[in-house]
Amino acid sequence: MDTEFFLAWLTGAAELVRRHRDHLTELDAAIGDADHGTNLDRGFTEVLQALDDWPPTSPAQVLLSAGTTLIRRVGGASGPLYGSAFRQMGKALETPVTPAGFATAFEAGVRAVERLGKAVPGDKTMVDALVPASRALAQAVQEGVEAREAFERAARAAEEGAKATIPLRARKGRASYLGERSVGHEDPGAASSALIMAALAAVS
Ligand code: ADP
Ligand code: MG
């Protein structure tokens, strides 16, 4: 996995976020403040712009640049959370990037989200998609399956994790203000995490 691979991942993620922008915003309208799709779409557009303006020369640089842009430019909870995830992943990534190295770095990124947001699985946040994705990835790598299959399994786990937020009551973030009324809606951040993982599976 080289610099091009990571650029393709983020480009694919930006495209998926753009395509699903209104859906993400609708999810956030139900249990938040209706800005998640527009927030992320703007953020990923700026991520691609910065990567174009200052071309990265390593996979780690791609992730560090993306993370910094998301932290600086995306308002709301999700910008700093996704930004920290990409930055931590970039810091933890060793070159040359192997599937096992990717999985380890990804786990470090997810831990950064958990540390910063203090959410645990079941709180109805992006953590509910990211933690299962990270576990599936680690498991697949341990089994020695091909990268493509490993990323597909991670994407499926993220998607299932996102759908599994529907019956949950939110305990973190803006949605938690709704209490019981947050039940019955998919968490927007979990849904966008599933898209970011789908982009990974698509590029591999
Ligand atoms: P805001 O809630 O500030 O408007 P966004 O709408 O962009 O920010 O993002 C909302 C998403 O952020 C939620 O759906 C949830 O997945 C995620 N989120 C919010 N707070 C936390 C937290 N403390 N830990 C993890 N994820 C969180
Ligand atoms: Mg919001």
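Modeller: What follows starts with the salt bridges and then turns to the other features.

This is a predicted model, in which local features need pLDDT of at least 70 and side-chain atom pairs count only at pLDDT 80 or more, while totals for chains, interfaces and linings use all residues. Residues are numbered from 1 along each chain as its sequence is written, chains are lettered from A and ligands numbered from 1 in the order in which they are written, and side-chain values use heavy atoms, with hydrogens and water left out.

The structure holds 13 salt bridges, a salt bridge being a side-chain nitrogen of Lys or Arg within 4 Å of a carboxyl oxygen of Asp or Glu. One of them joins Glu-107 to Arg-111, with N and O 2.8 Å apart; because the two residues are 4 residues apart in helix H6 (residues 99-117), about one helical turn separates them. Helices here are DSSP runs (H or I, at least four residues), as strands are (E, at least two), numbered from the N terminus. Glu-107 is partly exposed at 32% relative accessibility, and Arg-111 is partly exposed at 45%, where buried means under 20% relative accessible area, exposed over 50% and partly exposed in between (1.4 Å probe, protein chains only).

In helix H8 (residues 147-163), Arg-153 and Glu-149 are likewise 4 residues apart, about one turn of the helix, and their side chains form a salt bridge at 3.0 Å, N to O. Arg-153 is partly exposed at 23%, and Glu-149 is partly exposed at 30%. A further salt bridge links Arg-169 with Glu-180, their closest N and O atoms being 3.1 Å apart. Both residues lie in the loop between H8 and helix H9 (188-203), so this pair ties together parts that are 11 residues apart in sequence. Arg-169 is partly exposed, at 41%, whereas Glu-180 is exposed, at 51%. Elsewhere, Arg-18, Arg-21, Asp-22 and Asp-41 are joined into one network by salt bridges that share partners.

Asp-28, Asp-33 and Asp-35 coordinate the magnesium ion (ligand 2) through OD atoms at 2.0 to 2.2 Å, donors being N, O and S atoms within 2.8 Å of the metal (3.2 Å for Na, K and Ca), and since water is not among the atoms, sites may look incomplete. The spacing of these donor residues in sequence is D-x4-D-x1-D. Asp-33 is partly exposed at 32%, and Asp-35 is partly exposed at 22%.

As for the packing, helix H1 (residues 3-19) and helix H4 (residues 59-73) meet at an angle of about 30 degrees, with their axes 7 Å apart; axes are lines fitted to C-alpha atoms, for helices over the stretch in contact, and angles run from 0 to 180 degrees between N-to-C directions. H1 and H4 are therefore roughly parallel, since angles under 35 degrees count as roughly parallel, over 145 as roughly antiparallel, 65 to 115 as roughly perpendicular and the rest as oblique.

Finally, the backbone: the peptide bond from Thr-95 to Pro-96 is cis, with omega near -5 degrees, and Pro-96 is found in the loop between helix H5 (78-92) and H6. Lys-124, in the loop between H6 and H7, has a positive phi near 70 degrees though it is not a glycine, and Lys-124 is buried, at 1% relative accessibility.
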